Amino acid sequence: MPLTPVITEHWDQPDLYTRAGYERTGGYQALRKALATEPDAIINLVKETGLRGRGGAGFPTGLKWSFVPQGDDKPHYLVVNADESEPGACKDVPIMIANPHALVEGVIISSYAIRASHAFIYIRGEVPEAIRRMALAVREAKEAGYLGHNILGSGFDLDVVVHSGAGAYICGEETALLDSLEGYRGQPRLKPPFPAVAGLYSAPTVVNNVETITNIPWIINNGVDWFRQFGTEKSPGFKVFAVSGHVKRPGIYEAPLGITMRELLDFAGGMRDGSEVKFWVPGGSSVPMLTADHLDLPLTYEAMVEAGTMLGTGTPMMFDQTVSVVKAVTRWLEFYKHESCGKCTPCREGTYWITGVLKTFEEGKGNDPDLDLLNELCGQIMGRSFCALGDAAATPYPAAVSLFRDEFLMATHTPVDTSFDPALSYAFSEVAAR
Amino acid sequence: MSQFAHLNERMVEITARYPKSRSAVMPLLHLLQSDQGAVTIDGIRAVADHLGLTAAEVTAVASFYTMYKRRDVGRHHVGVCTNTLCAVLGGDAVYEALAQRLGVGHNETTADGEFHLERIECQAACTHAPVMTVDWEFMDNQTPQSAIEVIDQLARGESVESTRGPVIRDFNATEDTLAFPDDGLAGAGRPVDDIMLAGLKVAQELGMTAPSGHHISREG
């Protein structure tokens, strides 16, 4: 399957981040077309494309929009989840840096469709470069009359606020994000009610991922049939994949959903010299890992589920034979422990204890029976925590131990840094010449 | 809070962005942090007074998010990603080299107040691993040597450009950007880098394009 640059097609144009640059590539034509269309028709169009959320869960976007009650007297809100913090995920920040106006255009059209007159782009605070590019794009859009009062004479009003987070992975969870945006600690809410009914300020709210909303201008311009040329029946469209790890050319690769990891890997130059795939994770640390046996599976929502994992954010991390899977999993669990918001006991306590036990293995002092204990601990978190962060934390270990049990057993007597010399894994390692 | 009278106008401007004033807590804390170098008790009181909240309510927010620092960070905040992917690709070695060079550990500031070192979580730049940040600006694809060179250059007062962003300023300046994102620097860094263009370049070399849509302009 070939690469298909759509969202990334013009990224090599040096002024694409400005309005002038974006408009030269056809930018803001979709907005004009959309404003001449009934909002409900846009919701239906997005529904028919089958576009699924690119933030990880893959929920159908048009369906989400249709849950917003129309004709009520409440204000509606669009909130763009730009809190990209999932370990391995690195595609929304590049989109915002390279082509912020595409996101702004998507925000305006999406807000028009769901009848929102206020939209927020919640960007994690640690990426000021993305934040300032988005802020420039919003200002330029406003100066051009694409934002503000009576946009292009349509009678539609919209304000967009670029909001900086302050360092909390949990705010990528949509209800935690909303609490954070309301000025509280970022802790998840009980669902239902879902944000479409009671979201920001208890008003109907759509929360969508950056890449999802960035799809919208192309969908408006080109329609359902064009969009469905890409991908599969259940996973239509193209995807901004970000390939990282021990590959020759890590980076952004845009292709139809359904491309295989082997094909993507080939485009990325293959694994570095002298290196082979040991394990890889298709879409962030919160989805179960796979091995070289799975490289020929199509990268679709459905095929990944069938393989026992998830497409997640569609940002594969590739690890070669130099990497200790015990160390990899331990470090991910330290992350979840650090980022657990503390609201619910299974996640707060569970991530603490799993990390503690895993550390004994990392140090070569693990006990055999603890391998089962760890599975039990993960089982006590999975499905029992308040939000998906707990489920995510319970994900890396069970997959790792089922695939690499011997390696965990080796860690009952030998520290992982002895079994796996860390220096061999370095990107700048001279030992494994690139 | 006459201590913060000079911020009053900007605090009003931030609050006016939101339909409900409490939503301004986070950008206001960024603003106060940019003024004070940390989120201080006085800063918390100023935000609370401005929004009609209690100091406890604002403290609850400030203490939840790791970017709000309760102690003075100093001139430059240096972050090294040691989450799994960056760690195995060399982030651990970069962190150790910097810790040794600076003589401080995680969440510590050098005695001269120049550098604060932090092991940070995934920075959404895994394709650019190992990743370091200085005042939260990207310093991508580091080695222990290159990271030390960055620190040494900054210590000598030399200009250091972010790999995807403007010339490094200081921690407080970035905090100001987080409060007022339209900082005039959006064009200061390079527009994109080769890693972000990796797939596009391959597609161009191989003559691969997406099926063309009828409204997509081919100009430029």
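Predicted model: local features only at pLDDT ≥ 70, side-chain atom pairs only at ≥ 80, totals over all residues.

Modeller: Residues are numbered from 1 along each chain as its sequence is written, chains are lettered from A and ligands numbered from 1 in the order written, and side-chain values use heavy atoms, without hydrogens and water.

Colleague: How many cavities of 30 Å³ or more does the structure hold?

Modeller: On a 1 Å grid over the protein atoms alone, a cavity is a set of points where a 1.4 Å probe fits but cannot get out. Volume is the space filled by probe spheres set on the points, which are joined across faces, edges and corners. The number of cavities of 30 Å³ or more is four.

Colleague: Which element gives the most to the lining of the second largest cavity?

Modeller: This cavity, of about 90 Å³, has 14 lining residues (an atom within 4 Å of a point). Helices are DSSP runs of H or I of at least four residues, and strands are runs of E of at least two, numbered from the N terminus. With three residues, the main contributor is helix 5 of chain B.

Colleague: Which element gives the most to the lining of the second largest pocket?

Modeller: A pocket is an open set with protein on both sides within 12 Å along at least five of seven lines. The second largest pocket has a volume of about 670 Å³ and 36 lining residues, with A:His338 and B:His106 among those nearest its centre. Giving six residues, the leading element is helix 12 of chain A.
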